Amino acid sequence: MVLSCQNVGKAFHEKQIFKGCSFHIEDHEKAAIVGINGAGKTTLLRILTGELDPDEGTVVWGKDVRFGYLPQNAQAEGDQTIYEEVLEAKRDVLDLEEAIRACELQMKQEKGQALEDLMERYTQLMHRFEQADGYSCRSEVTGVLKGLGFCEEEFSKRVSTLSGGQKTRVALGRLLLTRPDLIILDEPTNHLDMSSIAWLETWLTGYKGAVLIVSHDRYFLDRIATKIIELDGGKASVFSGSYSDYAVKKEQIRSAQMHAWLNQQQEIRHQEAVIEKLRSFNREKSIRRAESREKMLQKMEVLEKPTQVRDDMRIELTPRIESGNDVLSVEGLAKAFDSRPLFTDLSFFLKRGEHVAIIGDNGTGKTTILKIINGLVDADAGEIRIGSKVQIGYYDQEHHVLHPDKTIFEEISDEYPSLSNTEIRNVLAAFLFTGEDVFKQIKMLSGGERGRVSLAKLMLSEANFLILDEPTNHLDITSKEILEDALNRYTGTVLYVSHDRYFINRTAGRILELENGALTGYAGNYDYYLEKKAQLEQSLSGQPASRSDGTEQIPGKGGLSGNASAGSAPAARGKNAAASPASESALKQDWKSQKEAQAAQRKKENALKRCEERITVLEERSAQIDAEMALPEVCTDVAKLQTLSKEKAQIEEELLAKMEEWEALSE
């Protein structure tokens, strides 16, 4: 065992973050902590690493376990070069290397026993050096730096001159090379491009130690995690398997919990109705039964209503008008910064209703393309034509469209003055801004909160062409899924840049890859892109490229030719397709069973109705007998009283039987 977390709880300012949190990490295990923003994921990591003390519970580490922790947005510091900073992770190997060199120099001067002792020490040092893979030390550093997106020309750059994202990558590289027993990473993919994320996936998958990750990158989690620890509603639940396995199991559990809750609520309403009916009979036995049922109802352990996954944020993207068929035409686009060309002669076209993703490594110019289309940056060459009736809605990852000194309320009201205060509050509530939150200044918001304000403005724009730059940045998994569903329902055109491969897989119908200053098109989602890119690379390397659909793949100018359905699975058969005899028989049997069940239910309902009608008749007759027996002329007639008393007894007996029958039928 590497780590055991036992009944850990934490609260801030009387707000309970989580309670009774228990799980364990075994040797070589790859685990991930997931949950919505604010669930306490980072807080839990800080407790595990000793930065915070839990309010209750204990964290137990295995004997001699070493861990390495990279907080979110951690940055390397100092004035060393990138290479020197990361090489410091191998300080034990470097010290061994220096000791070996010192021994070699000293051996030239020693003789006799001193030399023999020195030779023995030299042998021991060399053995330790080889065990520590000392010979591959520098090549390992080079490999990690290149994997994290640094080219060799950048190795000599000073850490102090780097951007925040680059410093985080340096810190990550150094941590990986220390090779602890447990690597703990908080959002490690935030500052990595797709190539670097893919490299990190491979590195962590092959890592012999244990890994614990907090991440909102579902594709990354699917490739890495073998255990999911979910923080939800202040509780921790553990699921074995990948993220996709967890998502399926979670939905099954949520569905079962909701079904159980609905059934219990139905049972409670039914029992309350039975109790009320028994009391209305106003008989001693029926009243006792009502009281007995009330006690049972009070002892019932009432289930909590399961939390709804998608009732916290609501996005509905609806174009106000429909655009023309030709939405965007880009021809011969070129751009350079400081005499360094980003791209030249880029051309692509968008038709109405297309959802297109632009992908590529950091620094290739993806965001620049979006800014040129929006008129925020001038192109060096090329032509951009916007189609007829096209209305653009722009989502900027840096949120430059927001005004830092305005409040959230002012940001919406100034942009859409026709909206009433109530309408503005309703819109903001749909994006989780309620009460006094709406009067927070934009500059005081977190990245995720600014993203939600930008999404609110985007929804209100009613644009028919959405241009989105990293729309999932700072969103938790649930919010990403809500946005994905909104985009999939959206009937307009979408062009976006994203590093979120899961998001691309769910929302893109075409992919444009920007690489080496040129665009390559792939008709399909991200999985399709991976398959076709691998085939294209095989083809270019001289190896035959086999297609899953058996058709020929032909490289064309600026992309791959062929329609968007190439390589897709065969279409499902329609409703009129011929069914097998076995399936027909099963359908008939199912129909017959359904009819029999419906008939049995109708029979029970009719019996219950007849029973209630008979009870009413008996109670009315019993009341009549009571009235008759109170008449002066009947009171003195002994024979009449005996007859009425006998009838009354028979009625009471039948009434009791009917009440028992009604109670049984009502169940």
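How far apart are the mean positions of the positive and negative charges of the protein chain? In this predicted model, the mean positions of the 85 positive and 107 negative charges are 4 Å apart.

**View 1. Overall form of the protein chain, with its 20 helices and 20 strands.** The C-alpha trace spans about 140 × 80 × 65 Å along its principal axes, and the radius of gyration of the chain is 36 Å, whereas a compact globule of 667 residues would have one near 26 Å. Of the 667 residues, 43% are buried, and the accessible surface comes to about 35500 Å², with 49% of that surface belonging to carbon and sulfur atoms. Among contacts with a separation of 6 or more, 68% are accounted for by residues 24 or more positions apart.

**View 2. Strand β6 (residues 182–186), with 5 of its 5 residues buried.** In a regular strand the side chains alternate between the two faces of the sheet.

**View 3. Trp61 in strand β4 (residues 56–61).** With a relative accessible area of 25%, Trp61 lies between the 20% and 50% cut-offs and therefore counts as partly exposed. Leu48 is 13 residues from Trp61 along the chain, and the C-alpha atoms of the two residues are separated by 9.1 Å.

**View 4. Arg46 in helix α1 (residues 41–48).** Arg46 counts as partly exposed because its relative accessibility is 32%. Apart from neighbours within four places in sequence, the contacts of Arg46 are with Glu51, Leu52 and Tyr69. Tyr69 is 23 residues from Arg46 in sequence, and the distance between these two residues in space is 9.2 Å, C-alpha to C-alpha.

**View 5. The buried residues of helix α12 (residues 408–415).** These are Ile408, Phe409, Glu411, Ile412 and Ser413, and the buried residues of α12 pack against two further helical segments, α13 (421–430) and α14 (447–461). An α-helix has 3.6 residues a turn, so residues three or four places apart point the same way.

**View 6. Lys533 in helix α17 (residues 526–540).** The relative accessibility of Lys533 is 15%, under the cut-off of 20%, and Lys533 therefore counts as buried. Once neighbours within four places in sequence are set aside, Lys533 is in contact with Glu513, Glu515 and Tyr522.

Terms used. Residues are numbered from 1 along each chain as its sequence is written. This is a predicted model: local features need pLDDT of at least 70, side-chain atom pairs count only at pLDDT 80 or more; totals for chains, interfaces and linings use all residues. Side-chain values use heavy atoms; hydrogens and water are left out. Helices (H or I, at least four residues) and strands (E, at least two) are DSSP runs, numbered from the N terminus. The radius of gyration is taken over C-alpha atoms; the globule rule is 2.2 Å times the number of residues to the power 0.38. Buried means under 20% relative accessible area, exposed over 50%, partly exposed in between (1.4 Å probe, protein chains only). Contact means heavy atoms within 4.5 Å. Accessible areas come from the Shrake-Rupley method with a 1.4 Å probe; for residues, only the protein chains shown count as cover. Lys and Arg count as positive and Asp and Glu as negative; His and the chain ends are not counted. The place of a charge is taken as NZ of Lys, CZ of Arg, CG of Asp or CD of Glu.
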